[in-house]
Amino acid sequence: MLPIPTAANQSAFIALVAISTIMLVTLYLSLKGIRKPTIRKIAGLDAIGEAVGRATEMGRPVHFTPGIAGLGTDTGPQTLAGLSVLAYVAELAAKYKTTLWTTIRIPQVQPLAAEIVRQAYIKAGVPDAYDEDKIIYLSDTQFAYASGVVGLMHREKVAANIMIGGFWAESLLFAEAGFLTGAIQVAGTAQTSQIPFFVAACDYCLIGEEILAAGAYLSKDPAQLGAIWGQDYAKAIAMVLIAVGVVLALAGDNTLWKLLSGPLWK
Amino acid sequence: MSVTIRRNLPLVITFIAGLLAMGDYYFKVADFNKLVTDWMKFVNVASSFAVIIGYATLTRIHARKIMQRKPGWYNSLALIFAMYALLIWGVFLSGGKFTAESTYTYWFNNLYVPLDSTIFSMLAFYITSSAYRAFRVRSAEATVLLVSAVVVMFGRAPVGPAIWPSIGPITSWIMAVPNTAGMRGILIGVSLGVLSMGIRLLLGRERGYLGPGA
């Protein structure tokens, strides 16, 4: 007998299968060129080139952090999104011969980040310019890492500060340190509690899902764009469910709520 | 190792590991769940070795700073001393108590914790300065932000309800209705974004984390 999802997860499993199917179909259509999805402009990602260019003109370094989220947690995708952006930033830095400092809090991210930056320098044709000491693991502890980043930003007088990933209370410490050094700041996180700080303190802010679309936006890979296109259909379904749920709730009917919270079958 | 294997092996491992983790969440099958639990233990042990890489990087960078007498080299010396002193004490001299050993705990509580709190407390000043910049009235949106922020600040501070008792419920409404609605909208977008990214990762289409051109 095939295993069935646990009672509490049945509706979530069905939603997962349904939305994944939509995304796989849109990914396939895009990959085969049957439909070419476009992605709206994301000002924050467009500004990264400007930020690195400005740092180059000023002869000052760029700082990048992929946040403090562990890879094995539910916030891990934010770190992976940050690393996708790091690949792009490192490529620009290598091309412009600008110093790039990458600070790391999670030990497991250190070798990944080092390899990404190394590959970027190789791709840009300047492998000798790669300096492994510029990808620096500071501390596994939140505020020790934060103080290390703030100190580095002040000492090196960074002209561009790019922060993409999962951030918590240290977000504003970084953003204010960047402001004090006069850096152009591009930040992005999916942590709803930290988005207001980035919006208030940074020049450009990627909000929520925008950081997760960064890889697709920067690579323009049709398959990745296809999966992002599928997200729009999933959002439309979510909006319809919210509207129907509100109407039913106002009418005193909790059928939809029961359906969504499960169990659906024994 | 050939280029093809080097390129595809991480993608295959990602695919298998992703399916195992998803299956473990949704299905309760004793043998399968035990397999995933053991796999996760292996992942934890394997990833712990990354700490050694972190230690090695820090040691290399700061040892070089000390040897070359770069500006602030004495800070590097303090860092290396503190790092290795606590490591040696916690691992080798704690009599098996590790971080629960009294000398280790004393130094941790009296050296690290106050420094940690100091850094955290700086947030109060940073919030004020960034709020000042954010609340400057430059557009209609900034005006809405300013007005709602002032109302919420007064509502949350004891002085607000003391002057005007009705500000408390207004503050609660702003936080519970428009603020929560906005946050949930972002959360729905993030959840779908994570799912989309998960599919791309499992299929090996999201390769940015493997480096440019991967």
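Two residues are in contact here if their C-beta atoms, placed from the backbone, lie within 7 Å.

Setting aside neighbours within four places in sequence, B:Val152 is in contact with B:Thr171, B:Ile174 and B:Met175. B:Val152 itself belongs to helix H6 (residues 140-156) of chain B; helices (H or I, at least four residues) and strands (E, at least two) are DSSP runs, numbered from the N terminus. B:Tyr209 is 57 residues away from B:Val152 along the chain, and their C-alpha atoms are separated by 40 Å.

## The model and its confidence

This is a predicted model, in which local features need pLDDT of at least 70 and side-chain atom pairs count only at pLDDT 80 or more, while totals for chains, interfaces and linings use all residues. Residues are numbered from 1 along each chain as its sequence is written, and chains are lettered from A and ligands numbered from 1 in the order in which they are written.

The pLDDT is the predictor's confidence in each residue, from 0 to 100. For chain B the mean pLDDT is 90, and 98% of its residues reach 70 or more. Within chain B, confidence is lowest in helix H1 (residues 3-26), with a mean of 87, and highest in H8(B), at 95. For the complex, the predictor reports an ipTM of 0.92 and a pTM of 0.92.

## Chain B: helices throughout the pattern

Chain B has 8 helices and 0 strands, giving the pattern α-α-α-α-α-α-α-α along the sequence. Its radius of gyration, taken over C-alpha atoms, is 26 Å, well over the 17 Å that the globule rule gives for 214 residues, so chain B is more spread out than a compact globule. The globule rule used there is 2.2 Å times the number of residues to the power 0.38. The C-alpha trace of chain B spans about 70 × 50 × 40 Å along its principal axes.

Buried residues make up 14% of the 214 residues in chain B. Of the contacts in chain B between residues at least 6 apart in sequence, 18% join residues at least 24 apart.

Chain A has 11 helices and 6 strands, and its C-alpha trace spans about 65 × 40 × 35 Å along the principal axes. Of its 266 residues, 51% count as buried. Residues 24 or more positions apart account for 72% of the chain A contacts with a separation of 6 or more. An automatic or database domain assignment supplies the domain bounds: domain 1 (17-39 + 224-238) and domain 2 (43-212) of chain A.

A nonpolar core is a set of buried Ala, Val, Leu, Ile, Met, Phe, Trp, Tyr and Cys residues joined through C-beta atoms within 7 Å. The largest one has 94 residues, and those with the most contacts inside it include A:Val62, A:Val89 and A:Ile162. Helix H3 (residues 76-96) of chain A gives the most to this core, with 12 residues. Leaving aside neighbours within four places in sequence, A:Ile162 is in contact with residues including A:Val62, A:Phe64 and A:Val89.

## Where the chains meet

How many residues of chain B are in contact with chain A? There are 46, and they touch 59 residues of chain A. The largest share of the chain B side, 14 residues, comes from H8(B). By class, that side has 29 nonpolar, 11 polar and 6 charged residues. Here Ala, Val, Leu, Ile, Met, Phe, Trp, Tyr, Cys and Pro count as nonpolar, Asp, Glu, Lys and Arg as charged, and the others, Gly among them, as polar.

## Two backbone details

Most residues other than glycine have a negative phi. A:Lys157, however, has a positive phi of about 50 degrees, and is found in the loop between helix H5 (142-156) and strand S4 (160-166) of chain A. B:Phe98 also has a positive phi of about 50 degrees. With 11 C-beta neighbours inside 10 Å, B:Phe98 counts as exposed.

Terms used. Buried ≥ 20, exposed ≤ 12 C-beta atoms within 10 Å, placed from the backbone.
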